[in-house]
Amino acid sequence: MGSKDDALHTSTTERMQAMMVAARSAEGIKSSRSSASELGQGQVVELAVARSIVDKWPEAPKGVAQKLLEHYGAPNEATATKLFWYRTGPWSRMEVTADEIVHNFPAPHTDFLSQYVDYPIPADAASALVGFDGSMLLDRTAGQLGARCDAEAANTVTLNLAVEIMEGRKTVDQARHDFAESQAAFAMGRDAPYAEGLLFEPASATADPDETMIGHAVLDQIGEKLKDVIGAGDTPTS
C-alpha cells in the first residue's frame with residue numbers, strides 16, 4: 001500500500017513549498033492594498049465569438065445569454081459552456097452557463113445565471129439566507145453576495161430581499177412570500193420594485209479574510225507527532 005504522500009502525489013517538501021508560495025501571494029496582494037487580484041477583468045472576448053458560443057446552447061440559457069451580450073457587451077472570458085463578466089453594471093462578477101440546475105422556488109425553472117455584488121456577509125446570517133433561497137451564493141471571504149436564477153430580474157429580487165433579511169427588516173418566511181409576489185407581478189407587467197433594480201448600494205472593502213491560525217495548527221500537529229514517536233519508543237518488545 002502506498003504512503004499518504006503517494007496518494008496525494010506530493011512530498012512533504014512540496015506541500016511546504018506550496019504553503020510558502022500561497023503565503024507570498026497573499027502578502028503581495030495585501031501590499032497592493034487589495035484583498036484579491038482580478039486578472040480576468042483585463043481580458044475580453046470578441047462579441048462575435050461569444051455569440052457563436054451561445055448559439056449552440058439550450059434554449060433558456062441561450063436566450064438570456066443573448067440578452068446579456070446585447071446589454072453588457074462582450075464578456076471578459078468564455079468557454080464552450082460559460083461566459084464571464086467582471087465589474088460591469090452593478091455586478092462585481094457575472095456568469096451565465098449552458099448548464100441548467102432545476103429549481104422549484106417560487107415556481108419550476110432552471111438556474112443558470114449567477115450575479116454577485118460587493119456586500120459584507122455576517123457569518124450568523126448564512127443560515128437565514130440559504131433558508132430563504134437555496135440559490136443564494138455567499139462568498140464571505142471575498143465579501144460578495146450573489147444569486148443564481150434564470151433572469152437578472154429574479155436575481156435582483158433575491159438580493160434585495162437578502163439585504164432586508166440581514167438588516168432584520170424581513171423574516172425568511174416574509175421574504176419568501178414577497179419573492180413569489182414580486183416575481184408574479186413582474187411577469188404580468190405590474191409594478192415590481194424589488195425586480196426593477198437594486199434597492200441598496202453595493203459596498204466597498206467588503207472582504208473578510210478571517211484570522212490566521214495555521215501557526216497553531218502546525219504546532220498542534222508537531223505535538224501529536226512527538227507523542228506518536230515517544231509512544232512508539234515506549235512500546236515494550238516481546
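Visitor: A salt bridge is a side-chain nitrogen of Lys or Arg within 4 Å of a carboxyl oxygen of Asp or Glu; how far apart are the closest N and O atoms of Lys30 and Glu27?

Guide: This is a predicted model, and in it Lys30 and Glu27 lie 3 residues apart in helix H2 (residues 12-31), so they are separated by about one helical turn. Side chains of opposite charge can pair when their charged atoms come close. Lys30 does form a salt bridge with Glu27, and the distance between the closest N and O atoms is 3.0 Å.

Visitor: Is Glu27 buried, partly exposed or exposed, and what is its relative accessibility?

Guide: A residue is buried under 20% relative accessible area and exposed over 50%, with partly exposed in between. Glu27 therefore counts as partly exposed, its relative accessibility being 46%.

Visitor: Which residues are linked with Lys170 in a network of salt bridges?

Guide: Two of the pairs can be described one by one: the side chains of Lys170 and Glu164 meet at 2.7 Å, N to O, while Arg169 forms a salt bridge with Glu167, where the closest N and O atoms are also 2.7 Å apart. Lys170 is buried, with a relative accessible area of 17%, and Glu164 is buried at 8%, whereas Glu167 is partly exposed at 45%. The residues linked with Lys170 in the network are Glu164, Glu167, Arg169 and Asp178.

Visitor: What distance separates the end C-alpha atoms of helix H6 (residues 152-166)?

Guide: Helix H6 has 15 residues and, at 1.5 Å a residue, should span 21 Å. The expected span is 1.5 Å times one less than the number of residues, and the model agrees with that expectation, because the end C-alpha atoms of H6 are apart by 21 Å.

Visitor: How many of the residues of H6 are buried, and which residue with a positive phi follows the helix?

Guide: H6 is mostly covered, as 13 of its 15 residues are buried. After the helix comes a residue whose phi is positive, near 80 degrees, and that residue is Gly168.

Visitor: Which strands pair with strand S6 (residues 144-149)?

Guide: Strand S6 is itself mostly covered, with 5 of its 6 residues buried. Strand S4 (residues 109-118) runs antiparallel to S6 and is joined to it by 6 bridges, with Gln115 standing opposite Ala147. Strand S5 (residues 136-139) also pairs with S6 in the antiparallel sense, over 4 bridges, and there Asp139 has Gln144 as its bridge partner. The strands asked for are S4 and S5.

Visitor: Which residue takes a positive phi in the hairpin of S5 and S6?

Guide: This hairpin has 4 residues between the strands. The residue with a positive phi, near 70 degrees, is Gly143.

Terms used. Residues numbered from 1 in each chain as written. Heavy atoms only, no water. Buried < 20%, exposed > 50% of the residue type's maximum accessible area, 1.4 Å probe, protein only. Helix = DSSP H or I, 4+ residues; strand = E, 2+ residues; numbered from the N terminus. Pairing = 2+ DSSP bridges.
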